[in-house]
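User: I am new to this structure. Please show me how to read its features one at a time.

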Amino acid sequence: MDAPLPADKPQHPYARAGTVHQWLPFTPNRDFQRQPRVVVQASGMHFTTSNGRSVLDGVSSLWCVNAGHRCAPINAAIRDQLEMLDYSTAFSMTNDRAVQAAGMIAALAPDDLNKVLFCNSGSEAADTSLKLALAYHRARGEGHRCVFIGRERGYHGVNFGGMSVGGIPGNRKAYGAAMLPRVDHMRFIHDPAHAFIQGELPQWREDPLLDLEQRILPLHDPSNVAAIIVEPVAGSAGWYVPPQGYLQRLREICDKHGILLIFDEVITGFGRLGTAFAAQYFGVTPDMLNFAKGVTNGTIPMGGVVCSDRIYDTLMQVDQPAHAIEFFHGYTYSGHPVASAAAVATLQHYVEADLFARAARMAPVLGDAMHSQLRNLPHVTGIRTLGMAGAVELQGIAGSPGKRAYEIFLRCYENGVLVRNAGDVLVFAPAFIAEETHIAQMVDTLGEAIRALA
Ligand SMILES: Cc1ncc(COP(=O)(O)O)c(C=O)c1O
């Protein structure tokens, strides 16, 4: 385990010895304080910890660092931008880098998804897309459309809108009174009959969208529904893959009833499935596509929503004077020049290094390694691999959900590999530059930990 802090850190007068003053997000903080894990440097696929150990980043730092750490052209672009234009307001003017980044994102997005609203995170992207859905319907004279539909175990960040349409129980439990009032959830996309999925979509015998068509939509009346939001592949819950035809049918249902379809591509965006977005992988175009994380290779916070020309045009066709604002929404740092420069350099690098194609090429290597080495280990009840990500589902310890995977995560870290634990699922999502040797080390280390803690 790492030393709590570098030994030479000057002590703040209020610092208590051995205490990290930071309160970590989505972390068991009491246990973390016992043995803090602190990194001080990174390069390519690896971190260096505060006590000089090397840890292989098996999760691209939570689906962000698709091109690997400290990617030279991205870092150079950030440095250059700081010397050129550090910041400029985003209201009623913009900067050249934000314009360039928006153009590049629109070019990567499918069909008529051409207008980009920037924000700073995936959570803000979720709330931006929900607000845009309401504003769009209102501009069309359908202001009564205010029901949102998410999916059980979906994750759309931590702000009130995203939390309300999200469906991970632990994220909602403490905040019941503050949820958006008119939200429903479709059933989850997991069938234990398809516990082992290797690089292809399962074919379900039943239709998981019948529940939406026959129960949820009639209950609210489709004419009241503003938008349905889904992750094309459910990431934070533990890489759950939709059945064949699911997203196509969801698109048809939305079209039939005038409901907007939002894809939250915060983790599937920028190459995770070997295409720019999951929308292209599945051949389904949403009305809005949310992104964050990989857009800057994790270097500078940035998120956004790409929306269709139809949505933009509808909001522009308001019968208002020219000085009137069409959409009352935005952030001080929307399209921040340094974040935008990072995005431009990142997207250029993804294309020049052909990294999406590399993700597609390496995906079966990861899938083969996980399925061949982990399938028969104790407590493994499922493995799902698709694109450059894979999840191992474990039988949890009775009465202690999540404990088994947490302890495996700790052991893997101690043994030099970062894996993500989500409930009793362990997820790998390496950078697209991963070599076979990295994948072998990741899978070997996870296999050893599963066996050792059985
Ligand atoms: C699908 C999805 N949406 C939204 C978010 C929230 O993003 P952020 O943590 O940048 O707010 C995440 C984060 O993992 C995510 O996976």
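Analyst: Glu448 counts as partly exposed because it has 16 C-beta neighbours inside 10 Å. Glu448 sits in helix H15, residues 436–452. Keep in mind that this is a predicted model.

User: What separates the C-alpha atoms of Glu448 and Arg411?

Analyst: The distance is 9.2 Å, for two residues 37 apart along the chain.

User: How far can I trust the prediction? What is the average pLDDT of the protein chain?

Analyst: The protein chain averages a pLDDT of 95. A score of at least 70 is reached by 96% of the residues. Residues 1–11 are a stretch to read with care: there the pLDDT is below 50. In the model this stretch has 17 contacts beyond near neighbours in sequence.

User: Which residues does Ser340 touch?

Analyst: Set aside residues up to four places away in sequence. Ser340 then touches Asn95, Arg97, Ala98, Ala101 and Gly335. Look at Ala101 in that list. Ser340 and Ala101 are 239 residues apart in sequence, yet their C-alpha atoms are 5.8 Å apart in space.

User: Where do Leu62 and Asp111 lie?

Analyst: Leu62 is in helix H2. With 17 other C-beta atoms within 10 Å, Leu62 is partly exposed. Asp111 is in the loop between helix H4 (96–108) and strand S4 (113–119). Asp111 has 11 C-beta neighbours inside 10 Å, so it counts as exposed.

User: Which residues is Thr285 in contact with?

Analyst: Leave aside its neighbours within four places in sequence. Thr285 is then in contact with Pro110, Asp111, Leu113 and Ala279. So Asp111 comes up again, as one of the contacts of Thr285. Thr285 itself is in the loop between helix H10 (278–282) and strand S10 (288–291). It counts as partly exposed, with 18 C-beta neighbours inside 10 Å. Thr285 and Ile262 are 23 residues apart in sequence, and 9.2 Å apart from C-alpha to C-alpha.

User: How do I read the surroundings of the ligand? Which residues come nearest?

Analyst: List the shell, then ask what it is made of. There are 14 residues around the ligand. Ser121, Gly122, Ser123, Gly157 and Val266 come nearest. The shell divides into five nonpolar, seven polar and two charged residues.

User: Which helix gives the most to that shell?

Analyst: Helix H5, residues 122–139, gives three residues. Of its 18 residues, 13 are buried, so H5 is largely enclosed by the rest of the structure.

User: How do I check the length of H5?

Analyst: Compare the expected span with the distance between the ends. At 1.5 Å a residue, the 18 residues of H5 should span 26 Å. The end C-alpha atoms are 25 Å apart, which agrees.

User: Last, the domains. Where are their bounds?

Analyst: The domain assignment gives domain 1 as 29–67 + 354–452, and domain 2 as 72–352. Their C-alpha centres lie 26 Å apart. The contact takes 33 residues from domain 1 and 28 residues from domain 2.

User: Which elements of domain 1 touch domain 2?

Analyst: Those that give two or more residues are helices H2 (60–63) and H13 (355–374), and strands S12 (380–385), S13 (390–394) and S16 (425–428). H13 gives the most, with nine residues. This side of domain 1 divides into 20 nonpolar, 10 polar and three charged residues.

Terms used: Residues numbered from 1 in each chain as written. Predicted model: local features only at pLDDT ≥ 70, side-chain atom pairs only at ≥ 80, totals over all residues. Near = placed C-beta within 6 Å. Helix = DSSP H or I, 4+ residues; strand = E, 2+ residues; numbered from the N terminus. Nonpolar A, V, L, I, M, F, W, Y, C, P; charged D, E, K, R; others polar. Expected span 1.5 Å × (residues − 1). Buried ≥ 20, exposed ≤ 12 C-beta atoms within 10 Å, placed from the backbone. pLDDT = per-residue confidence, 0-100. Contact = placed C-beta atoms within 7 Å. Domains from an automatic or database assignment.
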